[in-house]
Amino acid sequence: MAAHATLPGDPARLSHLKQVSPDLADDYMTLELLAAGLAGIQANQQKALWSSAQPSVDPTGFPPAWKAGVTRLLWRALEDGCREVTSHADVFRWCRVPLGQWPLALCVAQSDFELLLIENGRPSAFAEQAARLLLSKDPEAELVENRCYELMIAVADRNGETEQEVQNNYVQLRGFLTKHAVASDIDLLGLLRAFPAKDANGQPWVKHWFSQCYRAQPASGAVVLSFCDGCENPVSGQRGCGTPGCMGGPVARTVDIMSEYFVQNRAVRRFFHDPGLAEQRMFAALEPEFGQRLRPWWGMDAVDVAIDFEGTGKMGVGEWWAADVKDHASATLLGRSFRWNPRAASQRRILVIAQHRFEQPDYVDDLTTSLQGRVQGIEIMSENAFVAAALAHDGRRR
């Protein structure tokens, strides 16, 4: 089993560092700070940083999180006897190589050795995951995904009178994001008809939500776009679509429009569309058997998948399974951040890992290690195993 062991180096140095400063010895916190800093750099559109491994920007202009992460690395280097970090430029260059190749003896999980903080000139999926974990501790941090989620709740609530109507609205909106990485103005008109409720200024709530999630591209009549036939994300000539675990290839499709079409914002694609692919695969496999007993995003997303085996319609009454579906680059960061929603009062509580993550060497071992002592009563399964177990259990009950 893989453990949270240091990269090649002197274990005595890490032991000494923990005695000097237990907080400083938490290298994942350092990586979270660096990742949050990279997110801030990107948000500030300091484009020169992405085109050069030797940024010329005055260090005083870097985000506070980045400077804090670099300071922690400098102290770590001093304690570890590493002479290869002396500036922000050094750390920026390190971010472009796998964690397992950093000169400093980081204490990270085996399954994270190949992860980078900067990939293809932008913060990697791992960096975004790490930044989210850090920023979630800041109540004033308003990420795109948070605003999208808040507006989705508002649209669902203002267009429904009963709890079930609001839940159905939420499922429809959440499913729209997974199925429409690209949407047309005709799709938008359909949403406006389905969700007509307006705010105090007479603007439909659903239009506010849509504008937060998508950016407009002018066109006319019909437009031919290149999509990945595996995940339906748009592609633009690159060899792969870049979606984790997707093995699809580019196909040309005609999108009917009136005057414009819309492409999902990168954050919405990363945090709603792409993780939703595993959920949709599970829905497609389970719905023919369970029908209305399958509850997507039950309780306004308290869990991603719930199964009401006895059809009671109320969680906690009869037999229920509930599952949170995760597709995270780092098993360790997932374990550090995972919480089970107490509203999901089911007999079995299952953390479902996207199949391509589950099959990575050491991923499940490192996730299990990271969860120990934090979360009780949680099973870990792959998406395929969850589907098979649910179908087999329902067959036995019948």
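This is a predicted model: local features need pLDDT of at least 70, side-chain atom pairs count only at pLDDT 80 or more; totals for chains, interfaces and linings use all residues.
**Ground rules.** I kept local features at pLDDT of at least 70 and side-chain atom pairs at pLDDT 80 or more, while totals for chains, interfaces and linings use all residues. Residues are numbered from 1 along each chain as its sequence is written, and side-chain values use heavy atoms, without hydrogens and water.

**Cores.** I looked up nonpolar cores, meaning sets of buried Ala, Val, Leu, Ile, Met, Phe, Trp, Tyr and Cys joined through side-chain atoms within 4.5 Å; buried is under 20% relative accessible area with a 1.4 Å probe, protein chains only. The largest has 48 residues, and Trp-209, Phe-210 and Leu-286 are among those with the most contacts inside it. Its largest share, 9 residues, comes from helix 11 (266–290); helices are DSSP runs of H or I, at least four residues, and strands are E runs of at least two, numbered from the N terminus.

I then followed Leu-286: its contacts (heavy atoms within 4.5 Å) include Val-305, Phe-386 and Leu-391, leaving out residues up to four places away in sequence. A second, separate core of 38 residues includes Cys-82 and Phe-92.

**Pocket.** Which residues lie nearest the centre of the second largest pocket? I found Asn-120, Cys-241, Gly-242, Thr-243 and Arg-270, out of 36 lining residues. A pocket here is an open set of points on a 1 Å grid where a 1.4 Å probe fits, with protein on both sides within 12 Å along at least five of seven lines; lining residues have an atom within 4 Å of a point. Helix 11 turns up again, giving the largest share of this lining, 4 residues.

Note on methods
Buried means under 20% relative accessible area, exposed over 50%, partly exposed in between (1.4 Å probe, protein chains only).
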